[in-house]
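Colleague: I have a model open and want to learn how to read its side chains. Can you walk me through a few features?

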Amino acid sequence: FVFSKQYSDKLSEDSSRGSNTKFQDWKALWYKKFGYHVDDFGYHTPSISFPALRKAFEMKIYEDCTDEQIALYMKKNNVCKIAKDGTMTFPDAKKLKSQLWTDSFYYGAFKYGNGIRNLKEVNPHYEPVITEDEYRMLLRKIQKREEARIIKFDDEKAYVFPFEEKLLRGE
C-alpha cells in the first residue's frame, strides 16, 4: 500500500509540474477553443473559421442576436473545436455563455489555477477575437439580461424565467 501511495503521489506531482511548465510557456495544454487549432508547437493559432467566430462575437455584442441564432450561424460556418482524432464539437446554444461569452481567452487573458497569462505576450501566433473593451461590453450586456429577469419584492429577489415574463406582461 505504501508503495502504491508513493507512486500515486509522484505521478500527481509530475503531472502538475508538466501542466505548470506548459502554462508558464503558454502551451495549449489540453484546451481546445472554438475558432483556433493547436499547432505543432502547442500554441493556439487562428483556424480557417476564425473570421466566422469574430462575426459570432459581433452578433452578440452589437446586433443583439440570441444564442440560438449565433449557435446556428456558427454551425453553418463550421466554427467548432477539433479534437486530435478529428472529431468536431459544435457550440451548444445553452452553453455559449460558459463556452464563449465569459471566456477571457478570446480577448487574450488565459486563467489557469491562480495564474493568468497575457497570450499576446507569450504566444507568437495568438490573435484575439475581441478587444478587452468588447469583452467588458459583452459582460455588461450579459449582466443586464440576467438582471432583467429578476423582479425584486421587498428587497428579496425572485427569479422570473422568460416564458413567465411574457405571461406577466399578458403576451
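**Rings, charges and one lysine**

Modeller: Start with a charge over a ring. The charged end of K75 lies over the ring of F90, 5.8 Å from the ring's centre. Keep in mind that this is a predicted model.

Colleague: How many aromatic pairs does a search of the whole structure find?

Modeller: The search gives 9 aromatic pairs. Take Y36 and Y126. Their rings are stacked, with 5.8 Å centre to centre and 0 degrees between the planes. This pair links distant parts of the chain, 90 residues apart. Y36 is in strand β1 (residues 36–38), while Y126 is in the loop between α5 and α6 (132–148).

Colleague: Is Y36 buried or exposed? And Y126?

Modeller: Buried means under 20% relative accessible area. Y36 has 4% relative accessibility, so Y36 counts as buried. Y126 has 8%, so Y126 counts as buried too.

Colleague: Why is the pair of F57 and W101 called edge-to-face?

Modeller: Look at the angle between the planes. Over 60 degrees counts as edge-to-face. The planes of F57 and W101 are at 85 degrees, with ring centres 5.1 Å apart, so this pair is edge-to-face. F57 lies in helix α2 (residues 50–61) and W101 in helix α4 (residues 96–101), so the pair ties together parts 44 residues apart in sequence. F57 is buried, at 0% relative accessible area. W101 is buried as well, at 1%.

Colleague: Which residues do ring pairs link into a cluster?

Modeller: The cluster holds Y36, F50, F57, W101, F105, Y106 and Y126. Both pairs we discussed have their residues in that list.

Colleague: Now a lysine. Where is K120 found, and which residues does K120 touch?

Modeller: K120 is in helix α5 (residues 119–122). Leaving out residues up to four places away in sequence, K120 touches Y107, G108, Y126 and P128. The K120 side chain also reaches the backbone oxygen of Y107, at 3.4 Å. For spacing, compare K120 with A109: 11 residues apart in sequence, 8.3 Å apart in space, C-alpha to C-alpha.

Colleague: Last one. How many disulfides are there?

Modeller: For a disulfide, two cysteine sulfur atoms must lie within 2.5 Å. By this rule the count is 0. As for cysteine burial, C65 has 13% relative accessibility, so C65 counts as buried. C80 has 5%, so C80 is also classed as buried.

Terms used:
Residues numbered from 1 in each chain as written. Predicted model: local features only at pLDDT ≥ 70, side-chain atom pairs only at ≥ 80, totals over all residues. Heavy atoms only, no water. Helix = DSSP H or I, 4+ residues; strand = E, 2+ residues; numbered from the N terminus. Contact = heavy atoms within 4.5 Å. Polar contact = N/O pair within 3.5 Å; in protein donor to acceptor, adjacent residues only side chain to side chain. Buried < 20%, exposed > 50% of the residue type's maximum accessible area, 1.4 Å probe, protein only. Phe/Tyr/Trp six-rings, centres within 6.5 Å; stacked < 30°, edge-to-face > 60°. Lys NZ or Arg CZ within 6 Å of the ring centre and 35° of its normal.
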